[in-house]
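Hi,

Please have a look at the model first and then read on.

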Amino acid sequence: MTAGKFYLGSGTVAMFADLGIETGSVLRTAGLPEDLLLQGQTALTPAQFYRCWTAVEQVSGDPALAARLAAQLRVETFQPLVFAALCSPDLRRAAERIALYKRLLGPQLVTLDGGADRLTLTMRWPVRPPPPSGLIAYELAFWVALARLGTRKRIVPLRVTAPEPPHRDAVDAWQEYLGVPVESGTTAAVTFAGTDTTTPFLTSNAQMWQVFEPDLRRRLADLDQAESTAHRVRAVLVELLPAGNHTAAGVAKRLALSTRTLQRRLAEEHTSFQAVLDETRHALARHYLEQQEISVTEIALLLGYDESRSFYRAFRAWSGTTPHRVRTTEETLK
C-alpha cells in the first residue's frame, strides 16, 4: 500500500449501477483505463481520484449527485473498513474506528470533538490539490447515511458545515436528505446530538469486528511503514494546528514516538520538524487564501499563530510576498 493514494473497491461499480451511471463513461471522462475497476482494489493518486469524482458528476448531470449517492448506500457497496464499522455498538464507536483506520481508504483525516451531549466529526484532506466540493459534500452525507443504516432510523444531524455551499439547483435536495441546511464554514463538519450517537446499531456484531480488526491493524502497520515520517507529521499537523498544538512533542505523542526518535527519523529523511511545520503551514495558508470568506486573521488562527503579525512575517519568509497580495492576485485570475 502506497502513501498518499485513494483506494477504490469493487463496490464502486455496484454504486454506479445503482445510480444508472455507466462506469466506462466515467473512466473515459476522467482519462483513466476503462478496465480500471475490474482489477479489484485500485489505487489512485489524489489528482486521479478527484478527476474520477468530477467525471461522475459530469456524466450523471446531477448537481445533487452526492446526496443521491449517500441515499443509495448499501452494505454490499462499502469498503471493508466501513462494513466493519457497522459492526460497532453505535455511531460514536463507529466514528472512532473509522477515524483510526480512515487512512486505509485515502489521505483523509477525521477528528472527533464534543462531550456526551453532541459529537462533531470534522474532515480534512492533508494533500494537494484540495478535493472537489461534491466529494466533500458526499463525505458529510456519508456520516448521516451510516447513522441511518446502522440504527434504521432517520437520524438528522444538528448541523452541517462546508467550505462551499451546495449548487443552487441542489439546495432543496440536500435539505430534504440531511434534514438541515448546509451552512457555510471554514471546515467540513457534521454534528450529531449525543443521544443519536449512542442509539444502538441494529447491525452491531462484536464477533464480526474481532474478525475484521486484526487485518485492519496489519494494513495500517503496513501503511505506516510505507509512509515517510515527514508525511505522517504533515497529516498530524493538519489536525493539530487549528487547536494551536504544533509542538514536536505533541506530534511525536500522536505518532507514538519519542521526540528524539521523531527528530532522528526526520533527519534521516534530510528534513527537520521545523521545516515540515513551515511547509505544512505554507501549503495550508495558500489553500485558505483561496477561500475568500476566511479572513487573514482567521487563517492565522487556523495555522496555530497567536497573532496575525507572526503569520505575516512567516508568510513573507516563505513566499517573499504578503497574504493580501496573494489573495488579490488569485481573485484577479478567477
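Let me start with a loop: Arg 152 sits between helix H7 (133–151) and strand S5 (159–162). Helices (H or I, at least four residues) and strands (E, at least two) are DSSP runs, numbered from the N terminus. Arg 152 has a positive phi of about 60° although it is not a glycine. For context, most residues other than glycine have a negative phi. Arg 152 is exposed, as its relative accessible area is 52%; exposed means over 50%, buried under 20% and partly exposed in between, with a 1.4 Å probe and protein chains only.

Before going further, a word on the source: this is a predicted model, where local features need pLDDT of at least 70 and side-chain atom pairs count only at pLDDT 80 or more, while totals for chains, interfaces and linings use all residues. Residues are numbered from 1 along each chain as its sequence is written, and side-chain values use heavy atoms, with hydrogens and water left out.

His 270 also has a positive phi of about 60° without being a glycine. Its place is the loop between H13 and helix H14 (273–289), and because its relative accessibility is 75%, His 270 counts as exposed.

H13 (residues 259–268) packs against helix H11 (residues 229–240) at an angle of about 125°, and the axes are 9 Å apart. Here axes are lines fitted to C-alpha atoms, for helices over the stretch in contact, and angles run from 0 to 180 degrees between N-to-C directions. H11 and H13 are therefore oblique to each other, the term for angles that are not under 35 degrees (roughly parallel), over 145 (roughly antiparallel) or 65 to 115 (roughly perpendicular). On the H11 side, Thr 229, Ala 230, Arg 232 and Val 233 meet Leu 262, Arg 265 and Leu 266 of H13.

Now the rings. The whole structure holds ten aromatic pairs, counted when ring centres of Phe, Tyr or Trp (its six-membered ring) lie within 6.5 Å; planes under 30 degrees apart count as stacked, over 60 as edge-to-face and the rest as tilted. One of them is stacked: Phe 6 and Phe 49, 4.3 Å centre to centre with 10° between the planes. This pair links distant parts of the chain, with Phe 6 in strand S1 (residues 6–8) and Phe 49 in helix H3 (residues 46–60), 43 residues apart. Both Phe 6 and Phe 49 are buried. Elsewhere, Tyr 305, Phe 311, Tyr 312, Phe 315 and Trp 318 form one aromatic cluster.

Arg 281 lies over the face of Tyr 305, 3.9 Å from the ring centre. A charge sits over a ring if NZ of Lys or CZ of Arg is within 6 Å of the ring centre and within 35 degrees of the ring normal. The charged end of Arg 97 likewise sits over the ring of Trp 209, 3.9 Å from its centre. Arg 97 is one of the buried residues of helix H6 (residues 91–101), which also include Leu 91, Ile 98 and Tyr 101.

Finally, which residues does Thr 23 contact, leaving aside its neighbours within four places in sequence? They are Val 13, Phe 16 and Leu 37, where contact means heavy atoms within 4.5 Å. Thr 23 lies in helix H2 (residues 23–29) and counts as buried because its relative accessibility is 16%.

Best wishes
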